[in-house]
Amino acid sequence: MENKLLSVEGRLELLNEVTKEGLLSLSTTEIRGNDYHVFDNAPTNLREYYQLGFMHGDWTHIVYEGERFQFKETMEKSNQLANSLINDFGIQKGDKVAFSMRNYPEWMFTYIATTSIGAIAVPLNSWWKGDELEYGLVNSEAKLFIADEERLDRVQDILPNLPRIAVRSSNPEHSQIDFDQIIKNSSIDLETEIEILPEDEASIMYTSGSTGHPKGVVLTHRGIIFAPFYWITITTMGKLAEIETGKNTEEDSENSYQTATLLSVPLFHVTGCHAIFLLSIAVGRKTVMMYKWDPEKALDLIEAEKISAFTGVPTMSSEIVEAQRKNPRNIDTLKDLLGGGSARPPEQVRKQKEYLPKTNPGIGYGMTETNALGANNTGEVYVQKPESTGYALPLLMDLKVIDDDGNDLSTNESGEVCIKSASTFKGYWKNQEATDQALTPDGWVKTGDIGYLDDQGFLYINDRKKDLVIRGGENISCIEVESMICEHPSVLEASVFGVPDDRLGEILATYICIREDSNLSEEEISSFLAEKIANFKIPTHYRFQKDKLPRIASGKIAKIDMRKEAVELLKSNGNIK
């Protein structure tokens with residue numbers, strides 16, 4: 001019997017079965033002028049959503065190094081901080097609380113606390129340098145900055161009047177603003193219950209687009225909550241489909257220990273925040289946090305903590321497979337080994353099923369603007385269609401492909417991919433022009449990705465419309481990097497683009513036109529950029545020339561031609577395959 005997830009009709013049949021009653025039942029509602037299917041029994045705001053965590057009160061929620069927090073402890077610490085935000089810092093509904101740190105438990109406490117009192121959580125990229133952090137703090141109009149020692153050092157001379165809270169800092173100057181000291185006298189019960197409506201703003205998450213500075217994506221309580229409920233629905237449908245095909249391999253031993261996930265991607269991205277952190281609250285999943293990514297350390301944790309699910313960028317999944325092949329551990333508990341954030345080569349899927357046959361491969365496609373939702377492909381369906389990034393659930397998510405004039409395209413015709421659901425973002429913070437370009441009046445998000453849909457609704461991504469590179473799951477605006485390069489006094493012009501990389505998917509290369517009297521080197525320009533932008537944005541490959549960069553007929557720089565030439569040159573030199 002064919003898996004029903006392979007067809008549009010089969011998916012609708014499964015959806016109707018799992019949503020006909022109970023927690024996942026559906027209704028329709030109007031959101032910003034458009035009708036959507038929503039989860040009828042979902043919490044109306046994140047404060048209510050977090051109450052699901054108390055259902056698992058004594059279960060382990062967070063493991064970090066030698067520390068362990070039960071679900072009830074997470075909620076209690078979050079409530080303590082929430083009370084301090086109101087009482088000690090005067091944070092009110094709608095105020096922005098910015099935070100930036102490593103993946104520490106305090107990141108989760110801060111997010112929960114902020115959104116529980118109707119304030120707006122602004123998680124900033126922890127890889128950003130001082131100028132980038134300053135932009136995020138100023139642009140978001142943050143009333144408070146919560147950060148670890150490294151991030152506080154980066155902004156020590158910036159915005160002196162902005163209140164700060166220090167997380168895990170050894171700097172004596174931070175003792176008066178220490179996180180634990182600030183919350184220790186606060187009640188573990190939330191003292192003030194502020195009215196929070198579903199369409200109230202909950203978070204501003206910054207994402208690099210194709211133009212200049214990162215844009216603040218405004219997400220609502222309803223849109224964020226929709227995401228974990230969507231994933232619970234798709235997982236439930238997948239289990240039902242396996243039962244019907246007789247391929248359900250779920251073992252009884254799964255019931256003898258708590259499901260667990262390994263957090264190795266940044267929490268400031270929607271994958272880490274939504275698919276791991278927030279989803280885990282609803283399903284009672286233990287979250288094991290890594291200080292720094294290392295596939296050998298990851299395998300040790302998978303074995304020791306009985307990890308059942310791993311979600312990371314495709315590079316990480318691939319490295320786990322290779323590390324396990326070379327140095328096997330007992331990781332029989334690992335059922336799902338998933339990738340997202342960038343393209344996953346089909347060969348990775350085949351290798352995973354060969355070397356780790358008990359694990360389900362998977363990939364997700366989405367954006368910050370869609371709360372990480374768009375398309376999903378997992379398990380046996382993914383093995384059959386490894387080139388596809390998956391399908392959208394009927395009723396809950398719509399996909400379409402359009403041409404340059406906005407006309408809908410037919411099956412198997414390539415164009416710009418568009419996504420529509422109740423998880424759609426509200427707009428870009430203080431940027432109506434960008435909002436109007438990306439979000440149509442009838443609710444479609446233009447992704448900037450080029451792809452097509454087959455006759456069963458499976459999505460295939462084959463290019464990008466935007467001048468954007470995705471390196472290991474991190475969006476990089478080529479225009480931003482070009483502008484930084486051009487600030488060097490020896491540079492006349494620069495063109496930045498992505499070239500293939502086996503490990504990270506894409507890395508940056510650049511052609512730079514320098515002044516006649518200059519002898520600019522890779523080391524010099526890399527050091528110059530390291531002072532201005534996050535390290536992941538610094539190009540790997542450089543070409544310097546004193547002739548102007550080539551142009552196309554319109555006078556624009558011939559970036560496509562340069563990229564093609566660079567790829568061929570790097571292949572011939574053995575730098576890429």
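I began with Asn-45 and looked up its contacts, meaning heavy atoms within 4.5 Å; leaving aside neighbours within four places in sequence, I found Ile-196, His-221 and Ile-225. The model is predicted, so that local features need pLDDT of at least 70 and side-chain atom pairs count only at pLDDT 80 or more, while totals for chains, interfaces and linings use all residues. Residues are numbered from 1 along each chain as its sequence is written, and side-chain values use heavy atoms, with hydrogens and water left out.

I placed Asn-45 in the loop between β2 (34–39) and α2 (46–54), where helices (H or I, at least four residues) and strands (E, at least two) are DSSP runs numbered from the N terminus. Asn-45 counts as buried because its relative accessibility is 1%, the cut-off for buried being under 20% relative accessible area with a 1.4 Å probe and protein chains only. I also noted that a polar atom of the Asn-45 side chain lies 3.0 Å from the backbone nitrogen of Arg-47.

Finally I checked helix α9 (residues 270–283), in which 12 of the 14 residues are buried, among them Cys-273, His-274 and Phe-277. Just after α9, Gly-284 takes a positive phi of about 70°.

Technical notes: Buried means under 20% relative accessible area, exposed over 50%, partly exposed in between (1.4 Å probe, protein chains only). A polar contact is a pair of N or O atoms within 3.5 Å; within protein, one must be able to donate a hydrogen and the other to accept it, and residues adjacent in sequence count only if both atoms are side-chain atoms.
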